[in-house]
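Let us walk through this fold from its overall plan down to single residues. Keep the model in view as you read.

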Amino acid sequence: MRVYYIAYDIDVSSERMKKVFPHAKIKGVYELKNQRLRFCGFYERAYPTLERSEGKNVPIVVWELEEEDVEILDVMHEIDVGYAKISCEIAGKAIGDDMG
């Protein structure tokens, strides 16, 4: 089964993602409207999160991954420390071409 992962931090880098997930494909580049990046924590424990902010937009990359890649993502992002996983639907038009 394929999984779609929305990246808005370091995982927007094709080079980084391809090293960890060789079969990853970019499905599109979008913007989250009325959001901005906010960094929480201190020094090496800081992590990016999203915060509502009228008129601001955050670029995101939608990646297609394998289901087994989710565990690796959880470890990479210390999901139990600062991140939460959510399921959502994506609507809208991609910015640019499919770069997969």
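Predicted model: local features only at pLDDT ≥ 70, side-chain atom pairs only at ≥ 80, totals over all residues.

Residues are numbered from 1 along each chain as its sequence is written, and side-chain values use heavy atoms, with hydrogens and water left out.

Start with the overall plan. The protein has two helices and three strands. From the N terminus on, they follow the order β-α-β-β-α. Accessible areas come from the Shrake-Rupley method with a 1.4 Å probe, and for residues only the protein chains shown count as cover. The protein exposes about 7200 Å², and carbon and sulfur atoms supply 53% of that area. Buried means under 20% relative accessible area, exposed over 50%, and partly exposed in between. Of the 100 residues, 30% count as buried. Contact means heavy atoms within 4.5 Å. Among contacts between residues at least 6 apart in sequence, 69% join residues at least 24 apart.

Now the sheet. Two strands pair if DSSP finds at least two bridges between them. The three strands form an open sheet in the order β1-β3-β2, with antiparallel pairing. Strands β1 and β2 stand at the edges with a single partner strand each, so one side of each has no neighbour in the sheet. Neighbouring strands are turned by 35° against each other on average, direction ignored. Axes behind such angles are lines fitted to C-alpha atoms, for helices over the stretch in contact, and angles run from 0 to 180 degrees between N-to-C directions.

Look at β1 in detail. This strand spans residues 2–7. Its covered face holds Val-3, Tyr-5 and Ala-7, and its uncovered face holds Arg-2, Tyr-4 and Ile-6. Six bridges join β1 to β3 (residues 47–66), and the two run antiparallel. Within this pair, Ile-6 stands opposite Val-62. Ala-7 stands opposite Val-61. Helix α2 (residues 69–76) packs on the sheet, where it touches β1 and β3, and its direction makes about 140° with that of β3.

What does α2 turn towards the sheet? In this helix, Asp-69, Leu-73 and Asp-74 are buried. Seen down the axis, the buried residues of α2 fall within an arc of 145°, so they line one face of the helix. That arc is taken over the directions from the helix axis to the C-beta atoms. The cover over these buried residues includes β1 and β3. A nonpolar core is a set of buried Ala, Val, Leu, Ile, Met, Phe, Trp, Tyr and Cys residues joined through side-chain atoms within 4.5 Å. In soluble globular proteins, nonpolar side chains tend to be buried together. The largest core in this model has eleven residues: Tyr-5, Ala-7, Met-17, Phe-21, Ala-24, Ile-26, Val-29, Val-61, Trp-63, Leu-65 and Leu-73. Each of β1, β2 and β3 supplies at least two of its residues. The most come from β3, which gives three. A second, separate core has five residues, including Tyr-8, Tyr-30, Val-58 and Val-62.

Tyr-8 counts as buried because its relative accessibility is 18%.

Finish in strand β2. Gln-35 lies there. Gln-35 is buried, with a relative accessible area of 18%. Which residues is Gln-35 in contact with, leaving aside its neighbours within four places in sequence? They are Leu-50, Glu-51, Arg-52, Ser-53, Lys-56, Asn-57 and Val-58. Gln-35 and Glu-51 are 16 residues apart in sequence, and 5.4 Å separates their C-alpha atoms.

Asn-34 is also found in β2, which covers residues 25–40. With 22% relative accessibility, Asn-34 counts as partly exposed. The phi of Asn-34 is near 55°, a positive value in a residue other than glycine.

Definitions and conventions. Helix = DSSP H or I, 4+ residues; strand = E, 2+ residues; numbered from the N terminus. Buried < 20%, exposed > 50% of the residue type's maximum accessible area, 1.4 Å probe, protein only.
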